[in-house]
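Please look at the sequence and the structure before reading on.

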Amino acid sequence: MNFLVLEVDASNNASMSGHDRASPEGLGTGRQPALNGCPWHDVNEMLQTAGLRPTRQRMALGWLLFGKGARHLTAEMLYEEATLAKVPVSLATVYNTLNQLTDAGLLRQVSVDGTKTYFDTNVTAHHHFYLENNHELVDIPDQHLALSKLPEAPEGYEIARIDMVVRLRKKR
Ligand SMILES: [Zn+2]
């Protein structure tokens with residue numbers, strides 16, 4: 001996997017491969033540096049580079065996923081989009097594809113609780129707000145959010161990465 005280093009302080013983003021040609025709109029949302037031209041062509045290239053055969057279904061799902069900048073989607077949300085776009089896929093295929101793209105390092109999985117897993121098209125180190133009222137995952141813009149004290153990894157292990165999810169609810 002790609003994440004063998006600790007990624008708490010995101011100031012070392014630039015050292016992560018392929019992400020130094022960040023988007024002109026700067027930090028925050030909308031970062032998808034792999035897409036510089038025609039989305040269809042870019043998705044094809046992303047899949048090939050990741051060693052995945054660009055099947056029609058992968059291409060269509062990749063286009064829905066990566067064609068709109070940084071996004072956080074559950075499998076169900078992507079399945080719904082695919083259905084609306086008349087892409088003939090099953091929910092199982094959507095799950096499989098999302099897992100393959102995650103294994104290939106093109107997506108990052110963010111689990112919010114036991115039942116909700118989001119797939120993030122922004123694979124650089126960052127943390128999230130979770131809006132509990134509308135079940136929405138949003139990037140935390142502060143790139144320097146850090147834990148003041150890290151737990152020690154048990155013997156034989158190293159920290160692969162740290163995902164912080166700050167849960168928000170509407171003020172009562
Ligand atoms: Zn994110």
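## Strands, helices and core

Phenylalanine 129 stands opposite valine 138 in S5. The model that shows this pairing is a predicted one. Strand S4 covers residues 128-131 and strand S5 covers residues 136-139. The two strands form a hairpin, and 4 residues lie between them. In the turn, histidine 135 has a positive phi of about 50°.

Strands of a sheet pair through backbone hydrogen bonds, in either the parallel or the antiparallel sense.

| Strand pair | Sense | Bridges |
|---|---|---|
| S4 and S5 | antiparallel | 4 bridges |
| S2 and S3 | antiparallel | 5 bridges |

The pair S2 and S3 belongs to an open sheet of 3 strands, in the order S1-S3-S2, with antiparallel pairing. Strand S1 (72-73) and strand S2 (108-113) each have a single partner strand and stand at the edges, so one side of each has no neighbour in the sheet. Strand S3 spans residues 116-120. Within it, phenylalanine 119 stands opposite glutamine 109.

Next come the helices. Two packed helices are described by the distance between their axes and the angle between them. Helix H2 (residues 56-66) and helix H4 (residues 91-103) have axes that come within 11 Å and cross at roughly 75°. An angle of 65 to 115 degrees counts as roughly perpendicular, and H2 and H4 are therefore roughly perpendicular to each other. On the H2 side, Gln57, Arg58 and Leu61 take part in the contact, and they meet Thr93, Val94 and Thr97 in H4. By class, this contact has 2 nonpolar, 3 polar and 1 charged residues.

Which residues have the most contacts inside the largest nonpolar core? They are Leu61, Leu65, Leu78, Ala82, Val94, Leu98 and Leu107, and the core has 19 residues. Helix H1 (39-49), H2, helix H3 (75-84), H4 and S3 each supply at least two residues of this core. H2 gives the most, with 4 residues.

Key:
Residues are numbered from 1 along each chain as its sequence is written. This is a predicted model: local features need pLDDT of at least 70, side-chain atom pairs count only at pLDDT 80 or more; totals for chains, interfaces and linings use all residues. Axes are lines fitted to C-alpha atoms, for helices over the stretch in contact, and angles run from 0 to 180 degrees between N-to-C directions. Angles under 35 degrees count as roughly parallel, over 145 as roughly antiparallel, 65 to 115 as roughly perpendicular and the rest as oblique. Two residues are in contact if their C-beta atoms, placed from the backbone, lie within 7 Å. Ala, Val, Leu, Ile, Met, Phe, Trp, Tyr, Cys and Pro count as nonpolar, Asp, Glu, Lys and Arg as charged, and the others, Gly among them, as polar. Two strands pair if DSSP finds at least two bridges between them. A nonpolar core is a set of buried Ala, Val, Leu, Ile, Met, Phe, Trp, Tyr and Cys residues joined through C-beta atoms within 7 Å. A residue is buried if 20 or more other C-beta atoms lie within 10 Å of its own, exposed if 12 or fewer, and partly exposed in between; C-beta atoms are placed from the backbone.
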